[in-house]
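The sequence and the structure come first.

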2 protein chains.
Amino acid sequence: MTPIGKLVVVGVGLIGGSLALALRDKGLVAEVVGVGRGRRNLDEALRLAIIDRAEDDYARALAGAGVVLVATPVAQMPQVLARLAPLIEPQTIVTDGGSTKQDVIAAARAALGAKFGRFVPGHPIAGTEHTGAGAAFPELFRNRKVVLTPEPETDRAATATIRAMWEATGASVIDMPADRHDAILAAVSHLPHLLAFALVEELALRPDAAEYFRFAAGGFRDFTRIASSSPEMWRDIAVANRATLLEELRRYRGQVERLESLVAAGDGDGLFRMFATARDARNDWLARQA
Amino acid sequence: MTPIGKLVVVGVGLIGGSLALALRDKGLVAEVVGVGRGRRNLDEALRLAIIDRAEDDYARALAGAGVVLVATPVAQMPQVLARLAPLIEPQTIVTDGGSTKQDVIAAARAALGAKFGRFVPGHPIAGTEHTGAGAAFPELFRNRKVVLTPEPETDRAATATIRAMWEATGASVIDMPADRHDAILAAVSHLPHLLAFALVEELALRPDAAEYFRFAAGGFRDFTRIASSSPEMWRDIAVANRATLLEELRRYRGQVERLESLVAAGDGDGLFRMFATARDARNDWLARQA
């Protein structure tokens, strides 16, 4: 791809920081400017050479920018996009890393007005439970998927640039309608996160929680890994994608009720069928990943 | 510990095979005899030098045995214990590796009669999602916990021998009443397994399942790892521990209903509090493990 020139990252955390590192490693950015609320995090990003410069003035940050990645929690995006709007120059492309797309697109449409076509909505499906600049690493996107959800107005050349940018990090890039993205991610990502948080919280609030945690082992550790994720980020996702997520929660409550019926009845055959279907499906999925 | 002499493993899978390998590595067994339903698995155990001899005759297997480990799925234990009962010699100690303890104790009491005192109920809290002799490895129990749930009649010297046996594998051994064991494991192990199976099964049965799985990533992989576990083993555990597990499922349904209310109301503060409590509790737990 053609080098980006100046990359501005708003929210230099796991996603934003890792993109900057990946592009720097490939020599695809001339300068990286970090913008964010937390001075301590920006200092850490400077120390780790993730960014060349921290900037709290949006105008100075955006002057001459090639690409701006907004990688804050999604609830902050309306405000961030509103601040960016008047500063988008003819060559500037704005994209994001939000885990929900319909709400971000609506916010971008409202904030950017006639410049909405310069905004390429995106979601790198990559992450760990760790947060902040210190968690960033350049290989985060390698062999991962990035979904772009361009709208009819989205500039095609801008979309092509953002696609090439993510491909340069080692990701494969897929285009998809925003509503389909939000429906799929609700089921395979947002729901599991909420379920893991809910399991750990319930245990944590028991008076004898310590004894339960004492006997928690590897199965528990992996099942709940995502319950160590950022509460702020996941609150925003849950609220942003609430209609679809609510549908997933209802379906899943149906599954818990089915488990209750099967266990109450001691229905070993029914339980075996459910477990075997799950095991086979998961193992098929794993085999396709390999 | 004093070497065991002849170790008989009924069910040479992940648990039974790993115990045999760990004790062999330490020179603590003179001979390992494998008993089991599946000839192919026993042949694999022979090939991997997990056992010295496969035996389908219980009398020949048990003659002169020091320790017998029953490591089959728990539903098979009543039948296995009934076959062992007449063959228990004065020096023979029987123990098990079942994930539920009250049902196994009841089965042992019924099957062993006057010899019930020679049975030491145990549960090594270790495992992976893999099964069979081929999954066994000698380090499985290192830094793991083994719970023993001796009853008033249980021979104290026998309990001490089984404790020393597990400690020799690198595990720490804890005594606990069987009902407390079953209550704690229902919450931190049995419930998460059922929840993971239920999540994957529901996705797998959707007409467009492939598209959902295509975008499942690392969070999904870890959350559902335990859904690759043995359907047979987990069916048996769910049925064996059904009263306690049902209570856990009811509590968890309450959590799903709370999630539905919070998401439906767009209650970001309530979601944040739940997520933050979970995140903090899990991180504290991880820090204590380190």
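The model is predicted.

**The three-stranded sheet**

The strands β7, β8 and β9 of chain A form an open sheet in the order β7-β8-β9, with mixed pairing. At its edges stand β7 (122–125) and β9 (172–175) of chain A; each has a single partner strand, so one side of each is left without a neighbour in the sheet. From one strand to the next the twist averages 20°. Strand β8 of chain A covers residues 145–148, and β7(A) pairs with β8(A) in the antiparallel sense over 4 bridges. Within this pair, A:H123 stands opposite A:V147 of β8(A).

**The six-stranded sheet**

Another open sheet of chain A has 6 strands in the order β3-β2-β1-β4-β5-β6, and the pairing is parallel. Its edges are β3 (53–54) and β6 (119–120) of chain A; because each has a single partner strand, one side of each lacks a neighbour in the sheet. Strand β2 of chain A (residues 31–35) runs parallel to β3(A) and is joined to β3(A) by 2 bridges. One residue of this pairing is A:G34, whose bridge partner in β3(A) is A:A54. Helix α1 of chain A (residues 14–25) packs on this sheet and touches β1 (6–10), β2 and β4 (67–70) of chain A; the direction of α1(A) makes about 160° with that of β1(A).

| Helix | Strands of chain A | Angle |
|---|---|---|
| α1(A) | β1, β2 and β4 | about 160° to β1(A) |

**How the two chains meet**

Chain B is superposed on chain A by a rotation of 180° with 0.0 Å of shift along the axis, at an RMSD of 0.0 Å. The two copies are thus related as by a two-fold rotation axis. In chain B, the residue that comes closest to this axis is B:F223, with its C-alpha at 2.0 Å.

Of the interface residues of chain B, 100% are also interface residues in chain A, so the copies meet through the same surface. Chain B gives 73 residues to the contact, and chain A gives 73 residues. On the side of chain B, α7 (178–204), α8 (209–214), α9 (218–223), α10 (231–240), α11 (242–264) and α12 (268–289) each supply at least two residues. The largest share, 18 residues, comes from α7(B). Sorted by class, the side of chain B that touches chain A has 45 nonpolar, 11 polar and 17 charged residues.

The axes of α12(A), residues 268–289, and α10(B) come within 9 Å and cross at roughly 140°. The two helices are therefore oblique to each other, and the crossing is right-handed. From α12(A) the contact uses A:G268, A:L271, A:F272, A:F275, A:A276 and A:R279, and from α10(B) it uses B:P231, B:E232, B:W234, B:R235, B:A238 and B:V239. These residues divide into 8 nonpolar, 1 polar and 3 charged.

Notes. Residues numbered from 1 in each chain as written. Chains lettered and ligands numbered in written order. Predicted model: local features only at pLDDT ≥ 70, side-chain atom pairs only at ≥ 80, totals over all residues. Pairing = 2+ DSSP bridges. Axes fitted to C-alpha atoms, helices over the stretch in contact; angles between N-to-C directions. Least-squares fit on C-alpha atoms with pLDDT ≥ 70 in both. Contact = placed C-beta atoms within 7 Å. Nonpolar A, V, L, I, M, F, W, Y, C, P; charged D, E, K, R; others polar. Parallel < 35°, antiparallel > 145°, perpendicular 65-115°, else oblique. Left-handed = near helix turned anticlockwise from the far one by under 90°.
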